[in-house]
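Hello,

Here is the structure I said I would pass on. My notes on it follow below.

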Amino acid sequence: MELPVIDLESYFDLSSKISSRERGCEMEGLESKLQEMCSRVSTTLRETGALLVKDPRCSVEDNDRFLDMMERYFASSDQFKRNQERPQLHYQVGVTPEGVEIPRSLVDMEMRGKIRTMPKEFQPLLPSGPDPKWRYMWRIGPRPINTKFKELNSEPVIPEGFPEWKETMDSWGLKMISAVEVVAEMAAIGFGLEKDAFTALMKEGPHLLAPTGSDLERHGSKDRVFAGYHYDLNFLTIHGRSRFPGLNIWLRNGEKVEVSVPIGCLLIQAGKQLEWLTGGECLAGMHEVVVTDRTRSSVEAARAAGRSLWRVSSTLFAHVASDAALEPLGRFRGSTSSTGYPPIRAGEFVERELAAINLKGRRGGDSSTPSVPGGQGEGMIQPPQANAFLA
């Protein structure tokens, strides 16, 4: 399926023209065009849970630079990578080895029951064990000084031999957050809310750049599951284009489709916090990452060209601030479905989600118990506080 591509440069241009002109017929025409563009964003998120954007501030070169560095890192020896492992900090900084994150669809019996009711052709692939992928956690943007949901006060982990690491991670992460903020602004306008309805809630949120690395040399067999069927807990998730396809999403009507991300585009997916703020009008998008025929074709092309066979996903999770209230906004407050989304602090919402699958409080890295959510949407590890991330 080809998702519509939203060119943010057109939005910037229209916004600039509107802000520099006086009221009049021409102004009304510009505002109508802007509203139409924003309505396209909100409609696409509502119907598909995903959106493609092109942001002139996020170049192909930026994406390639990030992927090149992460490919080199993930291709390092396991022994080297484990030097950046911080299990005592519940993997909230540094690297998470493969086999640590457990997909929710593996342990959530209610979810597995719903999967069995789907038409066979739309069912996701069920994983048989922990995710065979590595992940690196890197915080993006400032955090609040005063909060009820203190994160671990740990220093970022920088691997030796990568002098460009901090600048590359910060640069790409901040650019993707900027893209999310524009899409959030457009979605708010499209949904008939105030322009800053979403972005004001994102200020000082626990945004996290969390790229994954999957070794297609070892785990490249067809139907291998890298990220089991799940939704993302956060507000919006953004990805740069991966060099290997494999993402499947589920539309609101239940149809399963494989997503193709054009070169130069970013993929944005709706998370559970957006669903809450819209009173269920925009549902969190269900998705999975698996090895498909297209993945295998890309693997063969990369092998023939002598390129890396590590599949890197430049995932960034954008969040509502932990102390902000999650509740239906504006016109969504009076909707028939809004009663299912009572007011709750974003941090408390995370705690509730953890408790819902009876995993809160167990210790990550303890082989005697399952791991607990920490990877936003794709896997589960032990949370440090209410800012943990849930599959």
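Which residues in helix 3 are buried? They are D62, N63, F66, L67, M69, M70, E71, Y73 and F74, where buried means under 20% relative accessible area, exposed over 50% and partly exposed in between, with a 1.4 Å probe and protein chains only.

Before the rest, two remarks on the source. This is a predicted model, in which local features need pLDDT of at least 70, side-chain atom pairs count only at pLDDT 80 or more, and totals for chains, interfaces and linings use all residues. Residues are numbered from 1 along each chain as its sequence is written, and side-chain values use heavy atoms, with hydrogens and water left out.

Helix 3 covers residues 60-74. Its 15 residues reach 21 Å from first C-alpha to last, close to the 21 Å expected at 1.5 Å a residue; the expected span is 1.5 Å times one less than the number of residues.

The protein has 11 helices and 16 strands. These are DSSP runs numbered from the N terminus: helices are H or I with at least four residues, strands E with at least two.

Strand 12 (residues 287-290) has H287 and V289 pointing one way and E288 and V290 the other, and all are buried. Strand 7 (residues 225-230) runs antiparallel to strand 12 and is joined to it by three bridges, with V225 partnered by V290. Strand 9 (residues 247-250) is also antiparallel to strand 12, again through three bridges, and I249 stands opposite H287. Strands pair if DSSP finds at least two bridges between them.

Across the protein, buried residues make up 57% of the 391 residues.

Regards
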